[in-house]
Amino acid sequence: MMKFYLFGLSLLFSLSCHSFENSGRFGLGATSQTYQNLPAISLKIHFSEKSAMGTYFSYRGTEEASYNFGVRYYNSIVSEPNLIFYGVLSGGILQTYNGTTSSSGYEGSIHFGTEFFFEEIKHIGLSFEAGISMTNIDEFIFETSASHIFNSAIHFYF
């Protein structure tokens, strides 16, 4: 199993990139690509044409709350004028509340995804991802995960 993780990480960081002008862009948006699909505020900063960092934060509740906070590292694999194919490595902390008990834990994931832009609207990006995730709240859970049109992320780039 460890060989699978190492292969995924080496693939994520070693593939060449042919990117379009995305360096220095800052994106603010929303995502539901979080644990239990909680809607989250998402930030994404492109440091170069190949790499970007992001963060997300979701919160639900009053006294006893459910939240999810994490960071993400994006590495572009292929870039076209209106499409970026990337690998992403993410990790976060979370807390869930089911009405009677509260549990805390952490999560990590490796995904591959695409972000596409409409021809006339270059400031809006839609992201879709698929991969594997590991979650530890009361027990360790290893699962596949994917997003679709109703569960995607959207960012407005400044």
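## Largest pocket

The largest pocket of this predicted model holds about 340 Å³ of space. A pocket here is an open set of points on a 1 Å grid over the protein atoms alone, where a 1.4 Å probe fits, with protein on both sides within 12 Å along at least five of seven lines. The volume is the space filled by probe spheres set on the points. Lining residues, with an atom within 4 Å of a point, number 23. Closest to the pocket centre are Gln 33, Thr 34, Tyr 35, His 111 and Ser 145.

Strand 5 (83–97), strand 6 (102–117), strand 7 (124–137) and strand 8 (139–146) each give the lining at least two residues. Strands are DSSP runs (E, at least two residues), numbered from the N terminus. Strand 6 supplies the largest share, 4 residues. By type, the lining has 16 polar, 4 charged and 3 nonpolar residues. Asp, Glu, Lys and Arg count as charged; Ala, Val, Leu, Ile, Met, Phe, Trp, Tyr, Cys and Pro count as nonpolar; the others, Gly among them, are polar.

## Nonpolar core

The largest nonpolar core has 7 residues: Ala 52, Tyr 74, Ile 84, Tyr 86, Val 88, Phe 117 and Tyr 157. Such a core joins buried Ala, Val, Leu, Ile, Met, Phe, Trp, Tyr and Cys residues through side-chain atoms within 4.5 Å. Buried means under 20% relative accessible area, exposed over 50%, partly exposed in between (1.4 Å probe, protein chains only). Strand 5 gives this core its largest share, 3 residues.

Lys 44 sits over the face of Tyr 74, 4.1 Å from the ring centre, and over the face of Tyr 86, at 5.0 Å. The criterion is NZ of Lys or CZ of Arg within 6 Å of the ring centre and within 35 degrees of the ring normal.

## Aromatic pairs

There are 7 aromatic pairs. Rings of Phe, Tyr and Trp (its six-membered ring) pair with centres within 6.5 Å; planes under 30 degrees apart are stacked, over 60 edge-to-face, the rest tilted. Phe 85 and Phe 112 are stacked, at 6.3 Å and 15 degrees. Phe 85 is in strand 5 and Phe 112 in strand 6, so this pair ties together parts 27 residues apart in sequence. Phe 85 is partly exposed at 31%, and Phe 112 is partly exposed at 28%.

Phe 156 and Phe 158 pair edge-to-face, at 5.2 Å and 85 degrees. Phe 156 is partly exposed at 39%, whereas Phe 158 is exposed at 57%. Ring pairs link both to Phe 26 in a cluster.

## Basis

Residues are numbered from 1 along each chain as its sequence is written. Local features need pLDDT of at least 70, side-chain atom pairs count only at pLDDT 80 or more, and totals for chains, interfaces and linings use all residues, while side-chain values use heavy atoms, with hydrogens and water left out.
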